[in-house]
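Subject: Structure for you to look at

Hello,

Here is the structure to open alongside your own notes. What turned up in it is set out below.

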Amino acid sequence: MTPKANRLAVDQLIDDRRTRIIVCCGSGGVGKTTIAAAIGLRAAERGRHVVVLTVDPARRLAQSMGLTVLDNTPRPVSLNGKDTEAQDVDDDGAAGSLHAMMLDMKRTFDEIVEAHADPDRAAQILANPFYQSLSSSFAGTQEYMAMEKLGQLRRAEEWDLIVVDTPPSRSALDFLDAPQRLGRFLDGRLLRMLVAPARFGGKAGLKVLNAGFGMVTGVVTKVIGGQLLKDVQTFVSAMDTMFGGFRERAEYTYRLLRTPGTAFLVIAAPEPDALREASYFVERLERDGMPLGGLILNRVHSSPAARLSAARSLAAVETLQSLPDSEQSTLAVTALKLHAERMHQAATERRVAQRFTAAHPLVPVGKIPAQPEDVHDLDGLRVIGTAFAD
Ligand SMILES: Nc1ncnc2c1ncn2[C@@H]1O[C@H](COP(=O)(O)OP(=O)(O)OP(=O)(O)O)[C@@H](O)[C@H]1O
Ligand SMILES: [Mg+2]
């Protein structure tokens, strides 16, 4: 017997006022940004006050949401081309609102530094070359900063729903690990050891220890270069007071993600590799006690004439091709072949989806049809949103 998946009702999720955070995650290119934006728009049009945190949206989509400057703060999105201010004052008071922002990883990191260090120290850190490369390129920084920004938006209490897009990580798990990884990195023994000689230098009782550190430092200097090591040392001394803050905030966000007001939606293409990764992700979320809303299969194919089987349309192609040339219709042959292909693809997609459901019978599954072209404006997002209807 083929297992039947529970249907994922995204509308129910967004209409439920207890839902405060929706996280769209999944592997690269599956439609996380598009779906996060579509959910945000739909929720706003159903009366919620929403902010969408996007990561690297395609330029045309960003423009259609009014995201033309990357300034790391949420901007109001004009729905229906209406004046953005007017959204909030609908006659029956039921209208929602939409804000959107693009994550600026480096700016977010700079803001943390500015908020947690006195101005002199902050300036020292911001100017430090090691900090500059860490804040713009450390693997995991983007994931960490997305979570940091989420924490900030939640604390602001200005929106009743936050929709979060996640970075295009090579592994879909990266962003869950990022807070701890960066926290650990900044908190790490290696960094403390590197900074130790500077801190303990001159204290008589620590001579022996110092010699040990000196040796380590010597080796590291050879490997990574003296200037870089100095940068790291100054950076870490300056950041020292902030270590606690980093860890605390990482833990705050992690706890926030585990509350029942959060729903993770795992996005996947209806293909074997993508669903294998989605399975892995679903299991990881379960293990971490993260509230899973369900799986969204994006770019699902179907045919408007689903009652005509692939076999019958191919048979019709054969019949047509056996007719004398004058009676053949190239158009009909092309359409029938295309239909047969679509039907095959749809059947394959259903099979992979069933395999997922067999392994995860309790996970609700939603489907979004493949659109004929890229989704790059509000109307396109609305079409995607119709797939969320109950
Ligand atoms: N249902 C759909 N039908 C047609 N095109 C789609 C659909 N969903 C997404 N797309 C298109 O697929 C492309 C990738 O989508 P998107 O940028 O949302 O993916 P992503 O998961 O955010 O990617 P990344 O991991 O790179 O951030 C975009 O051009 C988008 O317009
Ligand atoms: Mg994206």
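Arg299 is located in strand β7, residues 292-300; strands (E, at least two residues) and helices (H or I, at least four) are DSSP runs numbered from the N terminus. Arg299 is not a glycine, yet its phi is positive, about 65°. Most residues other than glycine have a negative phi.

The model is predicted: local features need pLDDT of at least 70, side-chain atom pairs count only at pLDDT 80 or more, and totals for chains, interfaces and linings use all residues. Residues are numbered from 1 along each chain as its sequence is written, chains are lettered from A and ligands numbered from 1 in the order in which they are written, and side-chain values use heavy atoms, with hydrogens and water left out.

Asp56 is another non-glycine with a positive phi, about 55°. Asp56 lies in the loop that runs between β2 (49-54) and α3 (59-64). Its relative accessible area is 59%, so Asp56 counts as exposed (exposed is over 50%, buried under 20%, partly exposed in between, with a 1.4 Å probe and protein chains only).

Now the ligand. Ligand 1 sits in the largest pocket. A pocket here is an open set of points on a 1 Å grid over the protein atoms alone, where a 1.4 Å probe fits, with protein on both sides within 12 Å along at least five of seven lines; a molecule sits in it if more than half of its atoms lie within 2 Å of its grid points. The shell around ligand 1 has 18 residues, and Gly29, Lys32, Thr33, Thr34 and Arg299 are the closest (a residue is near if one of its heavy atoms lies within 4 Å). At least two shell residues come from each of α2, β7 and β8 (365-369), and α2 gives the largest share, three residues.

- Thr33: a polar side-chain atom lies 2.7 Å from an oxygen atom of the ligand.
- Gly31: a backbone N or O atom is 2.9 Å from an oxygen atom of the ligand.
- Gln371: a polar backbone atom is 2.9 Å from a nitrogen atom of the ligand.

On its own, ligand 1 has 640 Å² of accessible area (Shrake-Rupley method, 1.4 Å probe), of which the protein covers 83%.

Last, helix α2. This helix covers residues 32-45. Of its 14 residues, 12 are buried, so α2 is largely enclosed by the rest of the structure; Lys32, Thr33 and Ile35 are among them. Just after α2, Gly47 has a positive phi of about 105°.

Regards

Key. The expected span of a helix is 1.5 Å times one less than its number of residues. A polar contact is a pair of N or O atoms within 3.5 Å; within protein, one must be able to donate a hydrogen and the other to accept it, and residues adjacent in sequence count only if both atoms are side-chain atoms. On a 1 Å grid over the protein atoms alone, a cavity is a set of points where a 1.4 Å probe fits but cannot get out, and a pocket is an open set with protein on both sides within 12 Å along at least five of seven lines; lining residues have an atom within 4 Å of a point.
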